[in-house]
Amino acid sequence: MKKDAIFKGAGVAIATPFYENGNGINYDELTRLIDFNLNNGTDAIIIAGTSGESATMTDEEHEDIIKFTVDYVNKRVPVIAGTGSNDTRYAINLSQHAD
């Protein structure tokens, strides 16, 4: 790993918990998942990646879950936001929003 890397150790790709009825992201459950990982030595949180159901979220949900996670983690560990896309403009916009 490069000396100037943003983190060392293991990052965990968090699954995005949705409500069973399909009405959006279950932020209470997301908080529980983040806390579990932080309390058990995770070195970075990866949110809204391919394991995090990024392809099934609306644009608003995608932006909101990144903001929520960054705010909730509050610099305790790095947060790596999934901003990839087949659409370059969309990926750039999402990356700028996540910054």
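Reader: Which residues do ring pairs link into a cluster?

Author: In this predicted model, the cluster consists of Tyr 27, Phe 68 and Tyr 72, joined by ring pairs. The search of the whole structure finds 2 aromatic pairs.

Reader: Why is the pair of Tyr 27 and Phe 68 called tilted?

Author: The ring centres of Tyr 27 and Phe 68 lie 4.7 Å apart, and rings count as a pair if their centres lie within 6.5 Å. The planes of Tyr 27 and Phe 68 stand at 55 degrees. Planes under 30 degrees apart count as stacked and those over 60 as edge-to-face.

Reader: What makes the pair of Phe 68 and Tyr 72 stacked?

Author: The centres of the Phe 68 and Tyr 72 rings are 5.9 Å apart, with the planes at 0 degrees. The distance falls within 6.5 Å and the angle is under 30 degrees, so the pair is stacked.

Reader: Why are Phe 68 and Tyr 72 said to be separated by about one helical turn?

Author: Both residues lie in helix α2 and are 4 residues apart, so about one helical turn separates Phe 68 from Tyr 72.

Reader: Why is Tyr 27 classed as partly exposed?

Author: Buried requires under 20% relative accessible area, and exposed requires over 50%. Tyr 27 has 24% relative accessibility and therefore counts as partly exposed.

Reader: What are the relative accessible areas of Phe 68 and Tyr 72?

Author: Phe 68 has a relative accessible area of 25%, and Tyr 72 has 27%. Each value lies between the two cut-offs, so Phe 68 is partly exposed, and so is Tyr 72.

Reader: How do you know that the radius of gyration agrees with a compact globule?

Author: A compact globule of 99 residues would have a radius of gyration near 13 Å. The chain has 13 Å, so the value agrees with that expectation. The C-alpha trace spans about 40 × 30 × 20 Å along its principal axes.

Reader: What pattern does the chain follow along the sequence, and how many helices and strands are there?

Author: The pattern is β-α-β-α-β-α, with 3 helices and 3 strands. Of the 99 residues, 32% count as buried.

Methods
Residues numbered from 1 in each chain as written. Predicted model: local features only at pLDDT ≥ 70, side-chain atom pairs only at ≥ 80, totals over all residues. Heavy atoms only, no water. Helix = DSSP H or I, 4+ residues; strand = E, 2+ residues; numbered from the N terminus. Rg over C-alpha atoms; globule rule 2.2 N^0.38 Å. Buried < 20%, exposed > 50% of the residue type's maximum accessible area, 1.4 Å probe, protein only. Phe/Tyr/Trp six-rings, centres within 6.5 Å; stacked < 30°, edge-to-face > 60°.
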